[in-house]
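Q: Please examine one part of this structure closely. I would like a connected account of a single helix and of its setting in the rest of the chain.

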Amino acid sequence: MTVLLILVLSLPITIALMGFLLKKFPPKTLRTFYGFRSRRSVLSIEAWRYANTRAATMLLRGSLVNLGAMLIIILLHRFGSEITDPMQMAGSVAFYPLVILAVQILYLYRKIEAELSARFDCKGRPVKPHNARVLRENK
């Protein structure tokens, strides 16, 4: 069971660590080797900072979701399966973290890209809201 817990907990801990490092040490320039890099995020330094701030927050929240999902999967698998050997169970549960991670990455990318397209134009300049009502709705 210890091997299974280490296997399952390593992914959420790694995601949380990535989010923490991105939040604590955000990339300063567009040429930094780490950070949320997409076509829209590298258009301007404002878009770059916004995308990396959002990515850090979403990674931290996503690690909690991932941890909860993995613990539920372990409990369901542990009590609903005839496999009692921890190594066999680790092998049969091993693909769940990868599926959850893939869904998280796709969600994070699509969500941040949508936010970038709403907040910045095609050249990376911040979009000004048409009236004060739009500002209040976004808060």
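The request concerns helix α4, and the answer below moves from the chain as a whole to that helix, then to the pocket and to other parts of the chain. What does helix α4 supply to the lining of the largest pocket, and which of the residues of α4 are buried?

A: The model is a predicted one. The chain contains 5 helices and 0 strands, and its elements follow the order α-α-α-α-α from the N terminus on. Of its 139 residues, 32% count as buried. Among contacts between residues at least 6 apart in sequence, 65% join residues at least 24 apart.

Helix α4 comprises 25 residues. From its first C-alpha to its last, α4 reaches 36 Å, close to the 36 Å expected at 1.5 Å a residue. The buried residues of α4 are Pro97, Ile100, Gln104, Leu108, Ile112, Glu113, Glu115 and Leu116.

The side chain of Glu115 is joined to that of Arg54 by a polar contact of 2.8 Å. When residues up to four places away in sequence are not counted, Glu115 touches Tyr50 and Arg54.

The largest pocket provides the next part of the setting. Its volume is about 620 Å³. The lining consists of 25 residues, and those nearest the centre of the pocket are Ala55, Met58, Leu59, Gln104 and Leu108. Gln104 and Leu108 are also found in the list of buried residues of α4. Helix α4 (95–119) supplies at least two residues of the lining, as do α1 (2–24) and α2 (45–80). By class, the lining has 18 nonpolar, 5 polar and 2 charged residues.

Several positions elsewhere in the chain complete the picture. Arg125 is located in the loop between α4 and α5 (132–138). Its relative accessibility is 47%, a value between the limits of 20% and 50%, so Arg125 counts as partly exposed. Not counting residues up to four places away in sequence, Arg125 touches Arg119 and Phe120. Arg125 and Glu46 are 79 residues apart along the chain, while their C-alpha atoms are separated by 7.8 Å.

Leu71 belongs to helix α2. Its relative accessible area of 36% makes Leu71 partly exposed. Leu71 and Leu5 are 66 residues apart in sequence, and 8.8 Å lies between their C-alpha atoms.

Lys28 occupies the loop between α1 and α2. Its relative accessible area is 63%, which is over 50%, so Lys28 counts as exposed. Leaving aside neighbours within four places in sequence, Lys28 is in contact with Ile45 and Arg49. Lys28 and Trp48, 20 residues apart in sequence, are 9.0 Å apart in space, C-alpha to C-alpha.

To return to the part requested, helix α4 supplies at least two residues of the lining of the largest pocket.

How values were computed: Residues are numbered from 1 along each chain as its sequence is written. This is a predicted model: local features need pLDDT of at least 70, side-chain atom pairs count only at pLDDT 80 or more; totals for chains, interfaces and linings use all residues. Side-chain values use heavy atoms; hydrogens and water are left out. On a 1 Å grid over the protein atoms alone, a cavity is a set of points where a 1.4 Å probe fits but cannot get out, and a pocket is an open set with protein on both sides within 12 Å along at least five of seven lines; lining residues have an atom within 4 Å of a point. Grid points are joined across faces, edges and corners, and a volume is the space filled by probe spheres set on the points. Helices (H or I, at least four residues) and strands (E, at least two) are DSSP runs, numbered from the N terminus. Ala, Val, Leu, Ile, Met, Phe, Trp, Tyr, Cys and Pro count as nonpolar, Asp, Glu, Lys and Arg as charged, and the others, Gly among them, as polar. The expected span of a helix is 1.5 Å times one less than its number of residues. Buried means under 20% relative accessible area, exposed over 50%, partly exposed in between (1.4 Å probe, protein chains only). A polar contact is a pair of N or O atoms within 3.5 Å; within protein, one must be able to donate a hydrogen and the other to accept it, and residues adjacent in sequence count only if both atoms are side-chain atoms. Contact means heavy atoms within 4.5 Å.
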